[in-house]
Amino acid sequence: MILNQVNSEEIPEGLKLPDSFSHLVSDMKNNQYDAKTFALMLRATIMKLETEIMESRFSELMNKHFAASSIPRGIHCLSLRLTNEYSSNAHARRQLPFPELLPLVSNNSYHHFILSTDNILAASVVVTSAVESSLEPSKIVFHIITDKKTYAAMHSWFALNLVSPAIVEVKGVHQFDWLTRENVPLLDVVDNHNDIKDYYHGSHITETNLSDTTRKFASKLEVRSPKYISLLNHLRIYLPKLFPDLEKVIFLDDDVVIQCDLSPLLEIDLHGKVNGAVETCKGEGEWVMSKRFKNYFNFSHPIIAKHLDPDECAWAYGMNIFDLRAWRKTNIIETYHHWFKENLDSNLTLWKFGTLPPALIAFKGHVHPIDPSWHMLGLGYQSKTDIENVKKAAVIHYNGQLKPWLPIGLEHLRPFWTKYVNYSNDFVRNCHIMDS
């Protein structure tokens, strides 16, 4: 009866709590507590311990968030050394692809892959894994897009480490004439909107709420990664404009590894749709394959509630087949811009996760589901990933914070990525990027 009574009472302010169980026993003996006082002390002590445990867990998640957002020293070193090589070595500056191969960059009988990244090591793994897994590597053309500061280093790497017979083109965003503020309003919005800067670069500690579950808090941190306001992360929405001569492409994120020939994907009939993608509302994995619109959007907001179905199946970015011919006949880009602005005008309250939500709306009605075996997700946060399933998947995706090139990456999943790192390369060795 006393325990039930104490459970509903407020803990008295200034109640001095013992530091340990032995201190509690000692206090009881010395002060001859009655049953109610003892019950209050016990409840207050347990609540204090629970709070300390939650604070410890949140601190761990915060540290992991900072580790995931940082650039490892070795990868930073690689970029600096390759940039210097671009300045001093004519071979590092040679044209990519070679002049005689230039017509093939827009030849639609070839298999075109597009990768947008500023991570040189990750880009090398994606390209190498695709070429080594292909049955016809001579038919592969990789279009790598990077930012201006990384361009020289990225170009140097692929000029000095040819992946013949495949073809690689490296372009910086500054080399696309179409990428102007008039055509890409996101550039102005991201640069000038203070709420966005505060949201992605402000203090995350102010968002800490001890009533959150650790999973909810982890999600809050993940969506605040600065990568979500990087132009490189939004570029895929402009593919029909950036590559006006291409008809069908595969777009890859830089945290994937290709384990089999992907050319059959380009032969899939998308039935007039624009985007071939794996749906993420079906299959195994509580986190990975249980995503519907309600997981991404704020359905308590009237605008979202009016336009979207909470039970509609979501799909994955990371490995997508895009029919650029069909895309050019749609208003997908304009819809993306509209909803991006709508979210800003609503003080970033329409959705919870990065760049996928506006794409889920923009591509609504334009997605053709492909077999899940083509794209396995979750290797960047799902520690219980089945190794046998990983071995069978065509593309494995380290989406999440635990990237394989980071010290916090999952050790048992890292070898699927490191097998494609060239540890004998002088630049890799001199930057001490070691095979763990």
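User: Over how many bridges do strand β2 (residues 140-146) and β3 pair, and in which sense?

Analyst: In this predicted model, strand β2 covers residues 140-146 and has β3 as a pairing partner. The pairing runs over six bridges, and its sense is parallel.

User: Which strands stand at the edges of the open sheet?

Analyst: The open sheet has seven strands with mixed pairing, in the order β3-β2-β1-β4-β7-β6-β8. From one strand to the next, the twist averages 25 degrees. Two strands each have a single partner strand, so one side of each lacks a neighbour in the sheet. These edge strands are β3 (167-172) and β8 (367-369).

User: Which strands does helix α5 lie across, and at what angle to β2 does it run?

Analyst: Helix α5 spans residues 120-133. The strands it lies across are β1 (111-116), β2, β3 and β4 (248-252). Its angle to β2 is about 170 degrees.

User: What angle does α6 make with β3?

Analyst: Helix α6 covers residues 148-160 and lies across β2 and β3. Relative to β3, α6 runs at about 165 degrees.

User: How are α4 and α6 oriented to each other: roughly parallel or roughly perpendicular?

Analyst: Helix α4 (residues 73-88) packs on α6 with the axes 7 Å apart. The angle between them is about 80 degrees, and angles of 65 to 115 count as roughly perpendicular. The two helices are therefore roughly perpendicular.

User: How many nonpolar residues does the contact of α4 with α6 have?

Analyst: On α4, the contact residues include Leu78, Leu82 and Tyr86; on α6, Trp157 and Leu160 are among them. By class, four residues of this contact are polar and one is charged. The nonpolar residues number eight.

Methods:
Residues are numbered from 1 along each chain as its sequence is written. This is a predicted model: local features need pLDDT of at least 70, side-chain atom pairs count only at pLDDT 80 or more; totals for chains, interfaces and linings use all residues. Side-chain values use heavy atoms; hydrogens and water are left out. Axes are lines fitted to C-alpha atoms, for helices over the stretch in contact, and angles run from 0 to 180 degrees between N-to-C directions. Helices (H or I, at least four residues) and strands (E, at least two) are DSSP runs, numbered from the N terminus. Angles under 35 degrees count as roughly parallel, over 145 as roughly antiparallel, 65 to 115 as roughly perpendicular and the rest as oblique. Contact means heavy atoms within 4.5 Å. Ala, Val, Leu, Ile, Met, Phe, Trp, Tyr, Cys and Pro count as nonpolar, Asp, Glu, Lys and Arg as charged, and the others, Gly among them, as polar. Two strands pair if DSSP finds at least two bridges between them.
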